[in-house]
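Keep the picture open while you read.

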Amino acid sequence: MIQRAGRLLAPVLASLLAAGALPPPASGAEPPSLRLYAAKHEIRLERWSRREFPLDLGVWVTPTGGSFELRVSRPNYGTPVGIVQTDAGTGEVLRELPADVLDGWYGLQDFLHVKVRDAAGAVVLHRRMTFCPNGFERSRVDDSGPMQPTYPGWCSGNPFTLGTVWGIDAGWGVDPLAYTWVRSAVPDGRYRVRVWIDPRYVDLLGIDPLDAKVRLTADLVTVSRPIRRDRTEADAQTRLTRAPTDTDPAADTIPDLVALPAWGISVYSRRGRDYLAFGSTEWNAGPSPLIVEGFRRQDEDVMDAYQYFTRGGEVLGKAPVGTLEYHAGGGHDHWHFRQFTEYSLLSGDREEVQVSGKQSWCLAPTDAIDLTAPNAEWNVDQGLWTACGGPSAIWVREVLQVGWGDTYFQSVRGQAFDITGIPNGRYFIRVEVNPLGTLYETTDRNNVALRRIRIKGQPGDRRVVVPPWRGIDTEGGGFGY
């Protein structure tokens, strides 16, 4: 089977292609489309064990006829998700695509095929691949496009995502196999490989059949595992422009923080106690990013936090909004903002039963919720970024861009609700963003979300029933469509 690995083992495009190395882009009135391009037609695949090997073949997906852009969205939670191809400059719909091409929010299902044959012609591997146009491994193929990618660096979503944008800029390419690993007993040797785009997408996207396939030769070789060396990157953190204090910022310079209902809800038992675990997502509906910076008090594990107000990327002001604290251990070991969210368990008549011990966060854009929202930032890898800092940090920055949410799972003791002594029955999980009102935002009317649940079972074997929310079954794995 194919596995995704988090190790940066894929070879990158060694150098920019010489002039004329790629055929010229398509011209005319046809919408932009896609093509496959092999950086080399003879490659070497190195594996570190007999059990698995990387399938990075150096095959790139590049656009033709301009930037290739898709928008995946639904106007509300009661409407099925749809997908269209849009003009990268105007947002005009160029093509409507059938919804069944979607692999959730994660890409185009069964877009790519990879078939590997041995010297005798026998097929030793054949895989169908979902394709994410927002692939993390991106390279320029010529200088016809922007210096930096426009689109997000990954495809993602959660049960409450409303819209996202996938795309490849003109002059750029995406390596769809960069982090793909195969667990198979294929022996070392020389193989013939064919990679092609599924004929359905060739028809749907108007792909030139000659651009829809590549052939290459691959040598699979087992090598000794390289010595791992830790690298310390230079600290690139810099303060935002010095700004005057402003406790009455303009509405277009602040975010709208929105709480979404709890999801991924489960019950587990440990050491004679029962716990209710859950996930939560809070997001920024705009019109401006949430930017919080912390400056450390000398000889203390506390930072004074300030929210910065921007318009068009220009810093206009700041205001004090509380503190950050250093969270050691538990896989954190970085700085958390203390005033962002509060979780509580309510009884069926909405009386507070318990408050989660989770009280601090390192804010970061983990889930695209609505990248079709005005001022949404598609590529959060560029520009302002979240830097959670370490024990010696004197400064951190935490950012939640427009259109993005930050998801946390409360699954450990102290964060999950201890329901050992709580009777079976109906309850609510309450999520409140900005509970102290210290952060500046356009409205607080959407700061609270309730999720109805029912607790059942016996001690040591408790269960939870979670009805769909607005028709979305967040617990079934399909995310409602």
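Predicted model: local features only at pLDDT ≥ 70, side-chain atom pairs only at ≥ 80, totals over all residues.

Across the protein, the average pLDDT is 84, and 86% of the residues score at least 70.

Residues are numbered from 1 along each chain as its sequence is written, and side-chain values use heavy atoms, with hydrogens and water left out.

Now for the overall build. You'll find 1 helix and 32 strands in the protein; these are DSSP runs numbered from the N terminus, with helices being H or I of at least four residues and strands being E of at least two. Of its 481 residues, 50% count as buried. Buried means under 20% relative accessible area, exposed means over 50%, and partly exposed is in between (1.4 Å probe, protein chains only). Among contacts with a separation of 6 or more, 71% join residues 24 or more positions apart.

Let's stop at some single residues. Serine 347 sits in strand 24 (residues 341-347), and it counts as buried because its relative accessibility is 14%. Leaving out residues up to four places away in sequence, serine 347 touches Val353, Arg426, Tyr427 and Phe428.

The loops have some backbone details to look for. Between strand 19 (273-284) and strand 20 (290-296) is a loop that holds proline 287, and the peptide bond from glycine 286 to proline 287 is cis, with omega near 15°. Asparagine 375 is in the loop between strand 26 (367-368) and strand 27 (395-400). Its phi is near 70°, a positive value in a residue other than glycine. Why does asparagine 375 count as exposed? Because its relative accessibility is 52%. Arginine 470 is exposed, with a relative accessible area of 59%.

Last, look inside. How many cavities of 30 Å³ or more are there? The count comes to 2. A cavity is a set of points, on a 1 Å grid over the protein atoms alone, where a 1.4 Å probe fits but cannot get out; lining residues have an atom within 4 Å of a point. The largest cavity has a volume of about 90 Å³. It is lined by 13 residues, and Leu45, Phe53, Val116, Tyr191 and Leu220 are the closest to its centre. Strand 16 gives the largest share of that lining, 3 residues. By class, the lining has 12 nonpolar residues, no polar ones and 1 charged. Here Ala, Val, Leu, Ile, Met, Phe, Trp, Tyr, Cys and Pro count as nonpolar, Asp, Glu, Lys and Arg as charged, and the others, Gly among them, as polar.

The second largest cavity holds about 30 Å³ of space, and its lining includes Pro133, Arg138 and Trp172.

How values were computed
1 Å grid on protein atoms, 1.4 Å probe; cavity = no way out; pocket = protein on both sides within 12 Å on 5 of 7 lines; lining within 4 Å. Points joined across faces, edges and corners; volume = space filled by probe spheres on them. Contact = heavy atoms within 4.5 Å. pLDDT = per-residue confidence, 0-100.
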